[in-house]
Amino acid sequence: MKKIVLFALVLILCSSLTGCINVTKKEEVKEVPIQTSKTDEKTDLVVYKSTQYSFSFSLPPSWKGYSIITDKWEGVDLEGSQNGKTTQTGPLIYIRHPQWTSQNPRQDIPIMIFSLAQWNLLQQEKFHIGAAPIGPSELGHNSEYVFALPARYNYAFLTGYEEVEDILKNNPLQTT
């Protein structure tokens with residue numbers, strides 16, 4: 001019982017210190033082999049396309065010149081001998097607004113990538129990501145991957161968070 005209480009206290013502390021998701025330090029990547037970008041002539045949308053994970057993401061024209069930051073998510077086991085240990089990891093892609101600076105950060109668009117097996121384990125609550133009481137929400141999936149938005153990704157209320165919410169309302173992620 002003491003272990004459960006201690007674990008809960010640690011989760012609460014982690015939540016207040018780190019927010020919603022366990023990730024390593026974000027590092028901007030100048031050239032990302034999975035990235036292609038084009039403007040759709042019919043709609044003026046800017047499109048990020050990941051050939052590696054077979055999805056595209058539509059952005060408004062104001063995002064022309066966006067950056068891609070790659071990272072990873074980590075999942076902590078909730079059962080058995082691995083309880084409390086990181087047992088699952090996967091890619092995390094941030095789409096960053098072109099006006100983002102370290103002096104004036106803007107809201108990124110984070111996309112977590114899960115294998116189908118990992119997503120199923122997450123839905124069965126075999127592991128947990130971050131300290132949020134809820135898990136990631138699905139943006140879409142294809143025959144190999146599930147793409148999800150981290151819980152509480154926008155709780156810092158950075159500049160542009162409303163714009164990101166509007167972008168997400170339009171179902172911008174398309175799988176191939």
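Visitor: Which residues form one aromatic cluster here?
Guide: This is a predicted model, so local features need pLDDT of at least 70 and side-chain atom pairs count only at pLDDT 80 or more, while totals for chains, interfaces and linings use all residues. Residues are numbered from 1 along each chain as its sequence is written, and side-chain values use heavy atoms, with hydrogens and water left out. Rings of Phe, Tyr and Trp (its six-membered ring) pair if their centres lie within 6.5 Å, and planes under 30 degrees apart count as stacked, over 60 as edge-to-face and the rest as tilted. The members of the cluster are Tyr48, Tyr53, Phe55, Tyr66, Tyr145 and Phe147.

Visitor: What kind of aromatic pair do Tyr48 and Phe55 form?
Guide: By this ring rule, the count comes to 10 aromatic pairs. For Tyr48 and Phe55, the centres are 5.8 Å apart and the planes make an angle of 65 degrees, which is edge-to-face.

Visitor: Are Tyr48 and Phe55 buried or exposed?
Guide: Buried means under 20% relative accessible area, exposed over 50%, and partly exposed in between (1.4 Å probe, protein chains only). By that scale, both Tyr48 and Phe55 are buried.

Visitor: Which residues touch the most other members of the largest nonpolar core?
Guide: A nonpolar core is a set of buried Ala, Val, Leu, Ile, Met, Phe, Trp, Tyr and Cys residues joined through side-chain atoms within 4.5 Å. The largest one has 22 residues, and those touching the most other members are Phe55, Phe57 and Ile95.

Visitor: Which helix supplies at least two residues of this core?
Guide: Helices (H or I, at least four residues) and strands (E, at least two) are DSSP runs, numbered from the N terminus. Strands 3, 4, 6, 7 and 10 each supply at least two residues of the core, and so does helix 3 (161-169).

Visitor: Why is strand 10 largely enclosed by the rest of the structure?
Guide: Tyr145, Phe147 and Leu149 point one way from strand 10, and Val146 and Ala148 point the other way. Strand 10 is largely enclosed because the buried residues number 5 of the 5.

Visitor: How many bridges join strand 7 to strand 10?
Guide: Two strands pair if DSSP finds at least two bridges between them. Strand 9 (residues 137-141) runs antiparallel to strand 10, and the two form a hairpin with 3 residues between them. Strand 7 and strand 10 also run antiparallel, and the number of bridges joining them is 4.

Visitor: Which residue stands opposite Ala148 in strand 10?
Guide: Ala148 is buried, with a relative accessible area of 0%. Contact means heavy atoms within 4.5 Å, and beyond four places in sequence Ala148 touches residues including Pro110, Phe114 and Trp119. Standing opposite Ala148 is Met112.

Visitor: Why are the buried residues Val164, Ile167 and Leu168 on the same side of helix 3?
Guide: In helix 3, Val164, Ile167 and Leu168 are buried. An α-helix has 3.6 residues a turn, so residues three or four places apart point the same way. The arc is that of the directions from the helix axis to the C-beta atoms. These three lie on the same side of helix 3 because they cover an arc of only 95 degrees.
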